[in-house]
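Have the sequence and the structure open as you read.

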Amino acid sequence: MKRLLLAFALWLPALACAGTLQPLAAADVPALLQPPAHGARIVALWSLDCAYCEPNLEALAALQRAHPHEIELVTVTTDSIALRTAIAARLHGMQMDVYPARAYAEASPERINLLLDPDWGGETPRVLVVHADGSRKGLSGALTPAQLRKLL
Amino acid sequence: MRHLLIALLCLLSPALLAHDGMRMEMPKGPELGASAAFDSHGRLYVVDAADGHVRLRHSDDDGRTLSAPVEVNATAERIYAEGENRPKLAFGPHDEIYVSWSQPRAEPWTGFVRFARSLDRGEHFSEPLTVHRDRAEITHRFDALAVDSKGRLVIAWIDKRDLLAADAAGKPYLGAAIYYSWSDDGGASFAPERKLLDQSCECCRIALARTPDGEVAAFFRGIYGDNIRDHTYAVLRTDGQTSQVARATFNDWQIAGCPHHGPGLAIGIDGIRHAVWYEAKGKPTIWYGQLDPGHAPKHPLAIAGAGAGHADVAVHDQTVWLAWNQVNAAGYALMLRRSSDNGAHFDAPREIARSSGATGSPQLLLKQGRAFVAWNTAAGFRLVEVPR
């Protein structure tokens, strides 16, 4: 039994966090947009059908690793949480599953778009930056290095 | 010890499922993609997808009741059926029923364009065929289907073969390409595909409409310069001539991303090209305008803003209708604006239906000068007659 447990324990790191995907309903949006205690929360919106999103997520992850104390990174896919399996797999493939991850869970998904950012029409990728002082910024499209530098 | 083992197993199972899911790419959002059209007898037909089948239903009472579904593809296959990538429906000159759809392949962002036809008003369908000769496991998706005045079928789609070729050669290439094909034998076979242009947007539907000359015109999101996602207009030539392609919107919205938001087009018998499109250079905006390819559209009007999406347009004589989805706290409103002077002015937006659940993109349909909106909602398909 101990050997079996050890085998599981060795497998786990490689597959860690694939089960941490959480739903995001309209009622959850205010908490997600609540200013962090310090630094900035980056809400990285992406979708399975968006080829631009993967490099954008990876660039945001690199930025977060460079500023681990200033940036809290959360990924949110606009795909339904019903696609949990595909979403978790994609996050794992991108090595993004170390970050808190949300997926839309709402009968009218465009309503979450509007609540997250009324200046956003649903295009992906979209990045929302919520600063500790309560200010917010939204950017559509894969971010350029210059845009990434200005995020904080 | 046993409890610890169970806990570990619980942690593992979603991870293992997730791994399997790598090859089970699914389309974005609820699968409410549907298309509807009236045949020459005024019978309404609807296609959507369920359980691996494109299914056809019809209604002889303007959508109040729908027939039992007929399976278009007898053998189940995967089908894209979300708003920008929905099964399509068109009729031949003798009410032949033509259906196309995009079939997801194993890898993300891949697909084949599929087609089947019925020559007996939907009782039986031909074995589906793949429209394009290229069989690379890449994007051939976002099909659009129309029939010209000679009965020739035209299918256009988004195609990534040139992107991959450019990547392999180390050359820069933005977006995808628009390809099209046609059938001179009522969909029994299709001509080898032709490229319309390089560097189109990758994830927005293509709008097709018939010109007064009976040809099929396309309006779609292109890429200009450094990811300026404005729109392009072209008549799809099927006579061996080169299609003339021109930029038709000039909003200069720059985005290295996926708008997931294609345009709409309706052409009057006077040749006026009524169009709707989305851009978000400043605030998210849906525009109406009359296309003047090569120049900025005439009579531009911002018809809707935040929370609005997926507009469609129709024209009959001097009347122009615009319909779109509007998100609100209760769900979705189906919104409408009408012009009685051929698009020079529009009345105020008004809500003509609402849905508490998800909806597909609205589609304006005309029957004997009356306008309807086909609206596929989570609660079922609806045909909403536009109040006069």
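## A look around both chains

Leu32(A) has its place in helix H2 (residues 29-33) of chain A. Helices here are DSSP runs of H or I with at least four residues, strands are E runs of at least two, and both are numbered from the N terminus. Bear in mind that this is a predicted model, where local features need pLDDT of at least 70 and side-chain atom pairs count only at pLDDT 80 or more, while totals for chains, interfaces and linings use all residues. As for bookkeeping, residues are numbered from 1 along each chain as its sequence is written, chains are lettered from A and ligands numbered from 1 in the order in which they are written, and side-chain values use heavy atoms, with hydrogens and water left out.

Back to Leu32(A): is this residue buried or exposed? Leu32(A) is buried, with a relative accessible area of 6%. Buried means under 20% relative accessible area, exposed means over 50%, and partly exposed is in between (1.4 Å probe, protein chains only). Leaving out residues up to four places away in sequence, Leu32(A) touches Leu24(A), Arg41(A), Val43(A), Val74(A), Val76(A), Arg102(A) and Leu116(A). A contact means heavy atoms within 4.5 Å. Leu32(A) and Ser135(A) are 103 residues apart in sequence, yet 14 Å apart in space, C-alpha to C-alpha.

Now for the rest of chain A. There are six helices and six strands, and along the sequence they follow the pattern α-β-α-β-α-β-α-β-α-β-β-α.

Take helix H3 (residues 53-66) of chain A: at 1.5 Å a residue, its 14 residues should span 20 Å, and its end C-alpha atoms are 20 Å apart, so the two agree. The expected span is 1.5 Å times one less than the number of residues in the helix. Buried residues of H3(A) include Cys53(A), Leu57(A), Leu60(A) and Leu63(A), along with Glu54(A) and Gln64(A). What covers the buried residues of H3(A) includes strand S2 (40-46), strand S3 (71-80), helix H4 (84-93), strand S5 (126-131) and helix H6 (145-149) of chain A.

H4(A) has buried residues of its own: Ala86(A), Ile87(A), Ala88(A), Ala89(A), Arg90(A) and Leu91(A). After H4(A) comes Gln95(A), with a positive phi near 60 degrees.

Some backbone geometry is worth a look too. Most residues other than glycine have a negative phi, and most peptide bonds are trans. Thr124(A) and Pro125(A) are joined by a cis peptide bond, with omega about -5 degrees. Pro125(A) sits in the loop between helix H5 (109-116) and S5 of chain A.

Chain B has its own positive-phi residues. Asp317(B), which is not a glycine, has a phi near 55 degrees, and lies in the loop between strand S21 (308-316) and strand S22 (319-328) of chain B. Asn342(B), also not a glycine, has a positive phi of about 60 degrees. Asn342(B) is in the loop between strand S23 (331-339) and strand S24 (350-355) of chain B, and is buried, with a relative accessible area of 9%.

Which residues does Arg152(B) touch, not counting those up to four places away in sequence? Arg152(B) touches Ala146(B), Val147(B), Trp182(B), Ser183(B), Asp184(B) and Thr238(B). Arg152(B) is in the loop between strand S9 (140-147) and strand S10 (153-159) of chain B, and is buried at 18% relative accessible area. Arg152(B) and Leu163(B) are 11 residues apart in sequence and 29 Å apart in space, C-alpha to C-alpha.

Stepping back, chain B has two helices and 27 strands. Its radius of gyration is 21 Å, close to the 21 Å that the globule rule gives for 388 residues, so chain B is as compact as a globular protein of that length. The radius is taken over C-alpha atoms, and the rule is 2.2 Å times the number of residues to the power 0.38. The C-alpha atoms of chain B fill a box of roughly 80 × 50 × 45 Å along the principal axes.

| Chain | Residues | Buried share |
|---|---|---|
| Chain A | 152 residues | 51% buried |
| Chain B | 388 residues | 63% buried |
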